[in-house]
Each structure stands twice: as C-alpha cells, then as structure tokens.
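This report describes a single protein chain, residue by residue and then as a whole. Please keep the sequence and model open while reading.

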Amino acid sequence: MIQLLVLCLLVWALVKVDSAWLSMLWLVAMAIGGSWLVQKHCELKGRAVMPAVAISLFIGVFLVGMWLLGVVLPVSAFDARWFVPVMALLMGHSVSMLIRGLSTYLSALQEDREQYEFLRGNGLTHFKALQPFMRRALLAVLQPTMSNLSVLALTSMPLLLVGLFLGGLTPVNAFALMLFMVIGCVSVSVLVLGLTILLADKLGLSSE
C-alpha cells in the first residue's frame, strides 16, 4: 500500500506539472533503476555493463513509446497524462523480459563455450558465432510473452479494459489501444534485448 501510494503521488506530480523535460528526466531515472535491477538479477560483475543496459532501456522504450504516442494514439506525445503510464508499462515489461533474456544468453555462453570456439575456428565472425546464443535469448523473451497472452486475456486485460472504459474510451478505441500496447511490449522487449547484447558485447560481456 505504501509503494502504491508513493507511486500514485509521483505520477500525480508528473501529470500536475506536465513538463516534457521532467518527464524525460523521470524516464532516464527509470532506465537507470531498471539497469540496476537487471545487473542484480543477472549477477553481472562490475559496473561497466550498467551504462549499456541503461542506454538500451532508454533508447528502446523511448522509440517504441514515441511510436505509440506519436503515430498510433491521437495524443500529444509529451503529454504527461499519456507519456508517464505508457512509458512505465513499456519499461516494466522490458526490464522483466531483459532479465530473462540476458540470463539465458549468459548461461548459454557459459555452458556451450565450445560451440562458440568451434564456430570461430571454422571461420565465422564474432557476431555470426554469437547468433545461436542470441537466438536462444530471443526465444526466452518471446515464448513466455506469447504463452501468457491467453492468461492475460482472462485476468489482467478485462481489468484494463474496464479502466479504459471508465476513462472515457469507446470499446473500439479501447480494444485498439490494448492491441497496440501488446505489440509495443513485444517489440520493446526484443529491441532492448538486442541493443543490450550489442552494447554489452563491446564492453567484453561475451568474453567473460
């Protein structure tokens, strides 16, 4: 209850001020906090990977969020009433899926290091040799998301639809919004995972 109260007060303040710069600062803070959670749950050593994760979270969430707010939804992209909940939903989903995907990627590299060395020894580039491990990480992100859609349709989504109805949206608009938000969540999880692996690989994550 305390956490929910603090969150509601924070969102109320952001919506009340309705400043684009303050909303962007909040998104940066969310990305940094999310990167700390990812590093903690994935048990990454050192702090060098945190910037790569934070940058990936910020870029991925911002791009997909701007697509939803600026192209799909007929609203002002930086209107805090829309910006904050949409970005928060994308950030929360991307962080949880990144933890799952990055853990799978690192475990696969550690367990099947010989496969990577074999592919490299047969003339493949570093990036080509990493593709089988990246594919496993991608499946670890997509499979739970797709399998949980049937559960969400019976539990969370009806509650969200009721909230959208109470907010004044028509049933057709509410359905379209839910559909595009699901597409956005799947897209941002894949985009953030890819960016994180590419940026972290530059810091030597794949060679640890």
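Ser23 sits in helix 2, where helices (H or I, at least four residues) and strands (E, at least two) are DSSP runs numbered from the N terminus. Its relative accessible area is 0%, so Ser23 is buried; buried means under 20% relative accessible area, exposed over 50%, and partly exposed in between, with a 1.4 Å probe and protein chains only. Apart from neighbours within four places in sequence, Ser23 is in contact with Ala80 and Phe83, contact meaning heavy atoms within 4.5 Å.

The model is a predicted one, in which local features need pLDDT of at least 70 and side-chain atom pairs count only at pLDDT 80 or more, while totals for chains, interfaces and linings use all residues. Residues are numbered from 1 along each chain as its sequence is written, and side-chain values use heavy atoms, with hydrogens and water left out.

The protein chain has a mean pLDDT of 80, and 83% of the residues score at least 70; pLDDT is the predictor's confidence in each residue, from 0 to 100. Where pLDDT is low, the predicted coordinates should not be read in detail.

The protein chain contains eight helices and zero strands. Of its 208 residues, 38% are buried. Among contacts between residues at least 6 apart in sequence, 71% join residues at least 24 apart. The chain exposes about 11,900 Å², of which carbon and sulfur atoms supply 71%; accessible areas come from the Shrake-Rupley method with a 1.4 Å probe, and for residues only the protein chains shown count as cover.

| Residue | Location | Relative accessible area |
|---|---|---|
| Asp18 | loop between helix 1 (2-17) and helix 2 | 40% |
| Phe180 | helix 8 | 29% |
| Leu199 | helix 8 | 32% |

Asp18 has a phi near 55°, a positive value in a residue other than glycine. Phe180, leaving aside neighbours within four places in sequence, is in contact with Trp67, Leu68 and Val72. The C-alpha atoms of Phe180 and Leu73 are 9.2 Å apart, although 107 residues separate the two in sequence.

Leu199 belongs to a nonpolar surface patch together with Ile55, Ile59, Leu63 and Leu191, and the five have about 380 Å² of accessible area together. Patches are made of residues with over 30% relative accessible area and no salt bridge, like charges being joined within 9 Å and nonpolar side chains (Val, Leu, Ile, Met, Phe, Trp, Tyr) within 5 Å. A salt bridge is a side-chain nitrogen of Lys or Arg within 4 Å of a carboxyl oxygen of Asp or Glu. Helix 3 (49-72) and helix 8 (171-202) each supply at least two residues of the patch, and the largest share, three residues, comes from helix 3.

The largest nonpolar core has 51 residues, of which Leu69, Leu102 and Tyr105 touch the most other members. Such a core is a set of buried Ala, Val, Leu, Ile, Met, Phe, Trp, Tyr and Cys residues joined through side-chain atoms within 4.5 Å. At least two residues of this core come from each of helix 2 (20-42), helix 3, helix 4 (80-111), helix 5 (113-121), helix 6 (126-154) and helix 8. Helix 4 gives the most, with 17 residues.
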